[in-house]
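These are my notebook entries on one structure. I set down what I looked up, point by point.

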Amino acid sequence: MLYTRIPFVALFATALVACQSEAPSGTTSQPIAGTDEVTMDHHSNARPVEAVITHLDLDVQVDMENQKIFGKAGYAIDVHQGTGIILDTDGLVIEKVTDKSGSALAYNLGDSTMLGRALRIDLRPETKYIIVHYATGRKAKALQWLSPQQTADKKYPFLFTQGEAILSRSWIPIQDSPGIRFTYAAKVKVPHELMAVMSASNAQERSLDGVYTFELDKPVPAYLIALAVGDIEFRAIDERTGVYGEHSVVDRAAWEFADMGKMVKVAESLYGPYRWGRYDVIVLPPSFPFGGMENPCLTFATPTIIAGDRSLTALIAHELAHSWSGNLVTNATWNDFWLNEGFTVYFEGRISEALYGADYAGMLAQLGRQDLVATLDQIAHGAHPEDSKLRLDLKGRNPDDGMTDVAYEKGASFMRLLEEKVGRPKFDAFLRDYFDRFAFQSMTTDKFLAHLEEHLINPNHIELNVEEWVDGVGLPDNAPVPLSDRFAKVDQEVQRWSKGTAAKELAAKEWSAFEWMHFLRHLPEGLSDAQMHELDAAFGFTKSANSEILAAWFEQSIRNDYDPAFAEMDVFLNTVGRRKFLVPLYKEMLRTEKGRLMAQTIYNSARPNYHSVSVHTIDDILAWKDDHPPVNF
Ligand code: BES
Ligand code: ZN
């Protein structure tokens, strides 16, 4: 057995609380200690040393027709010093602020900056609870309102939110800093023909009146509050896991993600109990800008991972892993983003290895390394070469612009190096203890490094260039090199094909999606029309049902001006809003004049289908005329 080290009872001891409707367990919010440069969050107007939110009560209505959320947000607060509290807002219309008894409190909205507008509320000495009455603005960045046409079933509108990194403030007035945690409860009213779900306890059945209530009794930062509203239903996978999705999607999703329960068990056997009660996934319409988002209890996922053969479900392992690295122990600021994502990619690899074997995990790691090498090259030649450090300095910038594969893959590489140095048993024990010790707290890079030194480096007498890893650019020489025999075989087939073997003669019968991705990424340069045709005829790339294969093929199609793929690519780019797919395709088109025109034409029609996160990035890419293309994952 792969996971026998932990007594079985321990796995379930603290589970089954958070995502079920129970009374809140109180307030354990951890204000960031001090306001020095390291712990200071430059992406929030909140001043946690003065006052913090400890609990949020949301009571809102969702107006699908007018694309507006309105209602009130009540907050239990802890005042440490001073006479006010500052919340983040972005584009919100504030109607009034009161205390619990309804008596008005004075407030003012600061100037509008990249961070939105600071809402400063004056407090009376006895005020412990405040209520903000508000409505969202016209272009709330977190929200994507979809017409029926933009959904899978095409019958009803859909709404979803995306909070990370600093978008929650555009639909809730909130202290929007990953270092500030609070519990929350919500009452959400939606049109009765729709269902609402959140990153909390969720109903599995429709309510008759369109009112849904939620509870998350574990403190989380604002970026993890999420809501989706649509004509969705639930399918159980096992007692603890299940999927939500539109009618035409939900059964396919339940089949695709059949291993979710096993993933949770494996994760628990590695790093301790899953502390959030249920683990469910909602499959969103295809415009969702990410592959997945680790909203507590309920991962939000793109439908593009439903390939029909379970080949892309590592993404679920990734989002699940965030239930420890990210949601339990959280990056204190966006400069510490690698503590969320680097740990999670490492953890994702471990879950994948346990369930699908070392071969599978090896391919995953190699694909990640390929992405990293490409990203590092772009960053080195870009406007912010310092973005290749693990510890970022995003002050004054939109944090989203500095969040690249570096945090993910260089971060994971550092973790693998640590594992290599002390051996797996010691490293696992270290991580398990880390998640327990710092559960429901935020973590800075400095605090992690001090802990690492004391609990792993010193006791094991290892030599390590930690500073080079964390504060140096590029990838240090001692980065472990992921190897994959399976990819070596793919390389051989690429060779054979370039030397004249017919495509349909290649030994590709047993290839997984990962092998196809590797194949497509390593085709020789400058392919002729005839060669592209031959590949397409042999392997049906243009019609592939696998989004990763399709996207890699479209990239080659642009590069080699392979016309027959463009109609499908047009459809793809007009439907799918997942930024990871959009960025390479638009960038590739911009390399030629013909391509630039094509990019402009496609984007003109596709832009209204994208979430603000993707719009922001693609706007930047299309506006890019110098040598510094923006880099995003
Ligand atoms: N937390 C991220 C998504 C995110 C990152 C949103 C930064 C906003 C800002 C999520 O866990 C993630 O990493 N998603 C990846 C999937 C993964 C398998 C690498 C994605 O969306 O592609
Ligand atoms: Zn992630």
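I looked up K154 and found it in the loop between β8 and β9; helices (H or I, at least four residues) and strands (E, at least two) are DSSP runs, numbered from the N terminus. Phi of K154 is near 65°, a positive value in a residue other than glycine. I noted K154 as partly exposed, because its relative accessible area is 43% (buried means under 20%, exposed over 50%, partly exposed in between, with a 1.4 Å probe and protein chains only).

The model is predicted: local features need pLDDT of at least 70 and side-chain atom pairs count only at pLDDT 80 or more, whereas totals for chains, interfaces and linings use all residues. Residues are numbered from 1 along each chain as its sequence is written, chains are lettered from A and ligands numbered from 1 in the order in which they are written, and side-chain values use heavy atoms, with hydrogens and water left out.

I then checked H461, which sits in the loop between α10 (445-457) and α11 (466-471). Phi of H461 is near 50°, again positive in a residue other than glycine. H461 is exposed, with a relative accessible area of 71%.

I recorded a cis peptide bond between E164 and A165, with omega about 5°. A165 belongs to the loop between β9 (158-161) and β10 (181-189).

Next I turned to the zinc ion (ligand 2). H318 (NE2), H322 (NE2), E341 (OE) and E341 (OE) coordinate the zinc ion at 2.0 to 2.7 Å (donors are N, O and S atoms within 2.8 Å of the metal, or 3.2 Å for Na, K and Ca; water is not among the atoms, so sites may look incomplete). Along the chain, the donors follow the spacing H-x3-H-x18-E. H318 lies in helix α4 (residues 314-321) and E341 in helix α5 (residues 337-356), so the pair ties together parts 23 residues apart in sequence. I noted H318 as buried at 8% relative accessibility, and E341 as buried at 2%.

Last, I examined the lining of the second largest pocket. It comprises 30 residues, of which K139, A140, K141, L143 and S612 lie nearest the pocket centre (a pocket is an open set of points on a 1 Å grid over the protein atoms alone, where a 1.4 Å probe fits, with protein on both sides within 12 Å along at least five of seven lines; lining residues have an atom within 4 Å of a point). The elements giving two or more residues to this lining are β8 (143-146), α7 (399-402) and α19 (612-623). α19 gives the most, with four residues.
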